[in-house]
Structures are given as C-alpha cells and as structure tokens.
Amino acid sequence: MRFARLARPLVVAAGMIASLTVSARAVSDTAILGATPPKQLSEFGFFEELQKQTPASGVVPFRLATPLFSDGAEKFRFVYVPNGQAVKYDPTEAFDFPVGTALVKTFAFPADYRKPGEKLRLIETRVLLHHADGWLAWLICGTTSRPTPR
C-alpha cells in the first residue's frame, strides 16, 4: 500500500502548504536522512520544547479530518518538509511529500482528564521519514528508538 493513500484524511489549508517552505534551522536533515535515525527524539530537532510539544521553526502542526480514537490519548501531529521543498497535491490521489519529509505523531495522556493539555505524560512518538527508497517508520519511547517495518 502506498503511503500517499494513507495521507488522504489530512486537512491542509493553503496557508499551511505555503508555510512548509519556511527555513527550519533547528531540524536536522542529516538525522532524518541518515541510515540509522538517532536514539533520542531531541536529536531530530523537531521541537523547541518537547514536553509541551512546541514545534521548532519549519515544523507545522496539523489535524486529521477523521481522527481515530486511541483510548483517550491526546495526539499531536506535525509535518516537516526540507527547506526549499514543497508538498504537491493531486485531488485524485493524495499528497506527494518530497524526500527528507518527516511526519511526527506523539501520544500523550493528561494527568487529569478535566484539564486536557495540562501535565501531559508523553507515551510514545512515531516518526515517518521519507527517504529516496520509501518511507521509514520509527517508534520512539522514552530515550530509545527502534525501527518498525516499512
């Protein structure tokens, strides 16, 4: 199954597409395109503040049109597109992301469901890295990462 077909539920405004070409000094393109991604999520540089899920410059948050329920977990989704690159859209297919793109999703649970967004406990982060030969998926829990099948 092509990854592009999985991206159909993305909701992207024209302003977001334009913002994807913003320079991202903090994100490490080397880490994204490396044969072995780093073991620390922070080494990618996706976040200014990891615990609060504050994205770094050039990392854009997004929401799905049809989000799935995940046992009450809050989900934070982000996309990073390399400087000078752009996402292409085909209304009959889906998005065509350039090599070097990263899709990031973090699952978190609040300490108190009456106060969502406060005192979040980050559970795991899933990172999809677009390499020249396809997408590489990584699951990051705590300080370690392990590859998952493409």
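Mentor: The account below begins with the aromatic rings, passes to the strands and ends with the charged side chains and one backbone angle.

The model is predicted. It holds 5 aromatic pairs. One of them joins Phe95 and Phe97 in a tilted arrangement, with 6.1 Å from centre to centre and 45° between the planes. Phe95 and Phe97 are both buried. Another of the pairs is formed by Phe97 and Trp135, and here the arrangement is edge-to-face, at 6.0 Å centre to centre and 90° between the planes. This second pair links distant parts of the chain: Phe97 lies in the loop between β7 (95–96) and β8 (102–110), Trp135 lies in strand β10 (residues 134–141), and 38 residues separate the two. Trp135 is buried, as is Phe97. Phe97 thus takes part in a tilted pair with Phe95 and in an edge-to-face pair with Trp135. Together with Tyr89, the residues Phe95, Phe97 and Trp135 make up one aromatic cluster.

The strand that carries Trp135, β10, is paired in turn with β9, in the antiparallel sense and over 7 bridges. β9 and β10 form a hairpin, with 2 residues between them. Within this pairing, Arg126 has Leu139 of β10 as its bridge partner. Strand β9 (residues 120–131) also pairs with β8, again in the antiparallel sense, over 9 bridges. There, Leu103 has Leu128 of β9 as its bridge partner. β9 is therefore a partner of β8 as well as of β10, if one reads the pairings together with the rule that two strands pair when at least two bridges are found between them. In general, the side chains of a regular strand alternate between the two faces of the sheet.

Arg126 leads on to the charged side chains. The structure holds 3 salt bridges. In one of them Arg126 meets Glu124, the closest N and O atoms being 2.7 Å apart. Glu124 counts as buried because its relative accessibility is 15%, whereas Arg126, at 40%, counts as partly exposed.

Arg114 is exposed, since its relative accessible area is 73%; Asp112, with 22%, is partly exposed. The remaining salt bridge brings together the side chains of Glu49 and Lys52, at 3.8 Å from N to O. Lys52 counts as exposed because its relative accessibility is 59%, while Glu49 is partly exposed, with a relative accessible area of 37%.

Finally, the backbone of Gln53 deserves a remark. Its phi is near 55°, a positive value in a residue other than glycine. Gln53 is found in the loop between β2 (47–49) and β3 (54–55). With a relative accessible area of 5%, Gln53 is buried.

Definitions and conventions: Residues are numbered from 1 along each chain as its sequence is written. This is a predicted model: local features need pLDDT of at least 70, side-chain atom pairs count only at pLDDT 80 or more; totals for chains, interfaces and linings use all residues. Side-chain values use heavy atoms; hydrogens and water are left out. Rings of Phe, Tyr and Trp (its six-membered ring) pair if their centres lie within 6.5 Å; planes under 30 degrees apart count as stacked, over 60 as edge-to-face and the rest as tilted. Buried means under 20% relative accessible area, exposed over 50%, partly exposed in between (1.4 Å probe, protein chains only). Helices (H or I, at least four residues) and strands (E, at least two) are DSSP runs, numbered from the N terminus. A salt bridge is a side-chain nitrogen of Lys or Arg within 4 Å of a carboxyl oxygen of Asp or Glu.
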